[in-house]
Amino acid sequence: MEKKRILETYEEKRERVQEFNLTSDLFASKVFEDVEACQELCRILLQDQSVVLKSVRTQYVIRSLETHSIELDILAERDNGDIIGIELQMYSEMAPFRRTRYYLSGIDMSILEKGKGYKELPAVTMAYITKEDIIGGGMGYYSVERRLGSGIVEIGRETVISVSNGVKEQYFNLEYSTGNNDIDELFQYFKDSDPYYQTETFPRIVEQVRYLKMHKKGVNIMCEIADRIRNEGREEGRKEGRKEGRMRGMVDAILELLEELGQVPQRIVDLISAEDNLSVLSRWLKSAAKAASIAEFEANM
């Protein structure tokens, strides 16, 4: 009876992971942490069969204590030292070019060691994959070319020089054809990720998908990760709820103290109500308790 229950539990787990596909950060990170699978992906996106990867990191975080940290879906290093970054954004993106700019700057800052010259910077390719055509040109693929212009147009012609700083930007989407059969086939597979799919274009990727969706060990890995992320999300939600409650209580306490001093101007009410830094609210609470007037409190803010 116990053996039957174990089998049923496994079947339930396998059914659950069938919902995953390669448009999911969670699933893609597990598939492409395999170097051979990621190498297939890079060769197809870059249209370069000579790409050989030395290392791959998925969900790679470049941390900064003073500025916004970066989390790259895939960061791969080629055997020649060049870097390939791949970002999957399946939701609406308001500033893709600025995000890419920030990611590229973060990669450079993390690579170039102190004392090294700028010539030591490796070439970096950033491939940005979205669900819809966020650029709006009605194409499945766009590339950015860096050019120098004279700024002077003579007889309808401008002097232009193509230059390279070692950075290549590629923008893909799943909405339109890219005009390349291999890439289009891969992106179609991203949408359903059928573990029984047969192809000679990216067999290792399919093999990894099959392992995570059909093999018992792979299924357990995906379920454990999904459960851990769900639990972490719940805990984070509880922490945010507690923080929100503390902020709301401090805002109310500050306003109550100020109301004892007189009519509180709406601009001060709005400013206090919009503050989400607990240390600032704490300071204002102490100031409100000591102030002899609203004017004194405002001056101390």
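Modeller: Helices and strands are here DSSP runs numbered from the N terminus, a helix having at least four residues and a strand at least two. In these terms, serine 193 is found in the loop between H5 and H6. The model is a predicted one, and its chain holds ten helices and eight strands.

The helix pair comes first. Helix H5 covers residues 181-192 and helix H6 covers residues 203-214; their axes are 12 Å apart and meet at an angle of about 5°. That angle makes H5 roughly parallel to H6, because angles under 35 degrees are counted in that class. From H5, the contact is formed by Leu186, Tyr189 and Asp192, and from H6 by Ile205, Val206, Val209 and Lys213.

The loop between the two helices contains serine 193, whose phi is near 50°, a positive value in a residue other than glycine. Most residues other than glycine have a negative phi. Serine 193 has a relative accessibility of 0% and therefore counts as buried, the limit for that class being under 20%. Glutamine 47 sits in the loop between H3 and strand E1 (53-62). With a relative accessibility of 43%, however, glutamine 47 is classed as partly exposed.

In soluble globular proteins, nonpolar side chains tend to be buried together. Apart from residues up to four places away in sequence, phenylalanine 187 touches Leu45, Ile129, Phe172, Asn173, Leu174 and Thr178.

Glutamine 170 belongs to strand E8 (residues 167-173) and has a relative accessible area of 2%, so it is buried. Beyond its neighbours within four places in sequence, glutamine 170 is in contact with Leu45, Leu46, Thr125, Met126, Ala127, Tyr128, Tyr141 and Tyr142. One of these contacts is polar in kind: the side chains of glutamine 170 and tyrosine 141 make a polar contact at 3.5 Å.

Two further positions show how parts of the chain separated in sequence approach one another. Leucine 26, in helix H2 (residues 25-31), is buried at 17% relative accessibility. Its C-alpha atom is separated by 8.8 Å from that of glutamine 59, 33 residues apart along the chain. Serine 282, in helix H9 (residues 278-290), is partly exposed, with a relative accessible area of 26%. Between serine 282 and methionine 250, 32 residues apart in sequence, the C-alpha to C-alpha distance is 7.3 Å.

For the chain as a whole, 37% of the 301 residues count as buried. Of the contacts between residues at least 6 apart in sequence, 60% join residues at least 24 apart.

Methods
Residues numbered from 1 in each chain as written. Predicted model: local features only at pLDDT ≥ 70, side-chain atom pairs only at ≥ 80, totals over all residues. Heavy atoms only, no water. Contact = heavy atoms within 4.5 Å. Axes fitted to C-alpha atoms, helices over the stretch in contact; angles between N-to-C directions. Parallel < 35°, antiparallel > 145°, perpendicular 65-115°, else oblique. Buried < 20%, exposed > 50% of the residue type's maximum accessible area, 1.4 Å probe, protein only. Polar contact = N/O pair within 3.5 Å; in protein donor to acceptor, adjacent residues only side chain to side chain.
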